Structures are given as C-alpha cells and as structure tokens.
Amino acid sequence: QVQLVESGGGLVQAGGSLRLSCAASGRTFSSYTMGWFRQAPGKEREFVAAISWSYNSSYYADSVKGRFTISRDNAKNTVYLQMNSLKPEDTAAYYCNGAIGVRPMWAVWGQGTQVTVSS
C-alpha cells in the first residue's frame, strides 16, 4: 500500500515562496505520474500540478501556471512543488498522489501540509 508524507507548508505573506515535499513509499514510485492537489476550506479537492515518471512532461492548473513548478527525484521517491508569487487564494491543504490526468490515482491520502498565504 502506498504511503505519502507531505511537508514544507507554512504561513507566508502574499508574493512569497514555499517549497513542498512529498515522500512516497510502498509503490514503485518511478513508474507513476505524480501530482499535487489542494483543498481549501469548504471547497472540493482540486488538481494543482503533475509530472510524468520520466520527467519529460508536466502540466498545471491554469490558476498556478507560471508561478508553481513541480519536480521529482526518483532516487529519493520524492516529488516537490516550488510555489512562487503566492496569493491568498492559494491558501489550502496540499496533498500529493499519483495522477491520471487531473485526477488522483490512489484512494489513500497523506496528512497533507497546510499553506496559508496572508494578504
């Protein structure tokens, strides 16, 4: 069974940056497209970004395109999300998962990491 542990969230002012990490275990990590998702209070979980297993393809939600960058290190079974030019509307709990298009692959979720952007 896959296990996902997210970290790196925090409180930041608008315009600031954060780097999130997700450590995965229990699966052949390098075989899967990995993604980041987020859920704001009172809203459904939404897709943020994903990166293919071979590094050669990444895609983003329109709301974060040009500000966020997803990357991965298959040797460390870790996927990252560099978030720049943060906005208050980026405030949410952030989660990683396998990705099929813009949908999560697995039913299992980690505990997430909270990102709060103050105006």
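Okay, one definition before anything else: when I say buried, I mean under 20% relative accessible area, while exposed is over 50% and partly exposed is in between. Also keep in mind that this is a predicted model.

With that cut-off, let's take Phe47. Its relative accessible area is 12%, so Phe47 is buried. How are the two rings arranged, then? Phe47 and Tyr59 are stacked, with 5.5 Å from centre to centre and 25° between the planes. Phe47 sits in strand 5 and Tyr59 in strand 6, residues 58–60, so we're looking at a link between parts twelve residues apart.

There are five aromatic pairs in total. Another one is Phe37 with Trp109: the ring centres are 5.6 Å apart and the planes stand at 90°, so we call this pair edge-to-face. Here the link spans 72 residues, from Phe37 in strand 4 to Trp109 in the loop between strands 10 and 11. Phe37 is buried at 2%, whereas Trp109 is partly exposed at 27%. Over at Tyr80, the charged end of Arg19 sits over the ring, 4.0 Å from the centre.

Now the inside. In soluble globular proteins, nonpolar side chains tend to be buried together. The largest nonpolar core here has 33 residues, and Trp36, Val79, Leu81, Met83 and Tyr94 have the most contacts inside it. Which strand gives the most to this core? That's strand 5, with five residues. If you click on Leu81, you'll find it touching Trp36 and Tyr94, and also, among others, Leu20, Val48, Phe68 and Ile70.

Next, the disulfide. The structure holds one, and it joins Cys22 to Cys96, with 1.7 Å from S to S. Cys22 is in strand 3 and Cys96 in strand 9, so the pair ties together parts 74 residues apart in sequence. Cys22 is buried, at 0% relative accessibility, and Cys96 is buried at 0% too.

Last stop, the loops. Asn77, between strands 7 and 8, has a positive phi of about 55° although it isn't a glycine. Ser85, in the loop between strands 8 and 9, has a positive phi of about 50°, and it isn't a glycine either. Asn77 is partly exposed at 25%, and Ser85 is partly exposed at 41%.

Technical notes
Residues numbered from 1 in each chain as written. Predicted model: local features only at pLDDT ≥ 70, side-chain atom pairs only at ≥ 80, totals over all residues. Heavy atoms only, no water. Disulfide = S-S within 2.5 Å. Helix = DSSP H or I, 4+ residues; strand = E, 2+ residues; numbered from the N terminus. Buried < 20%, exposed > 50% of the residue type's maximum accessible area, 1.4 Å probe, protein only. Core = buried A, V, L, I, M, F, W, Y, C linked by side-chain atoms within 4.5 Å. Contact = heavy atoms within 4.5 Å. Phe/Tyr/Trp six-rings, centres within 6.5 Å; stacked < 30°, edge-to-face > 60°. Lys NZ or Arg CZ within 6 Å of the ring centre and 35° of its normal. Lists of a residue's contacts leave out its neighbours within four places in sequence.
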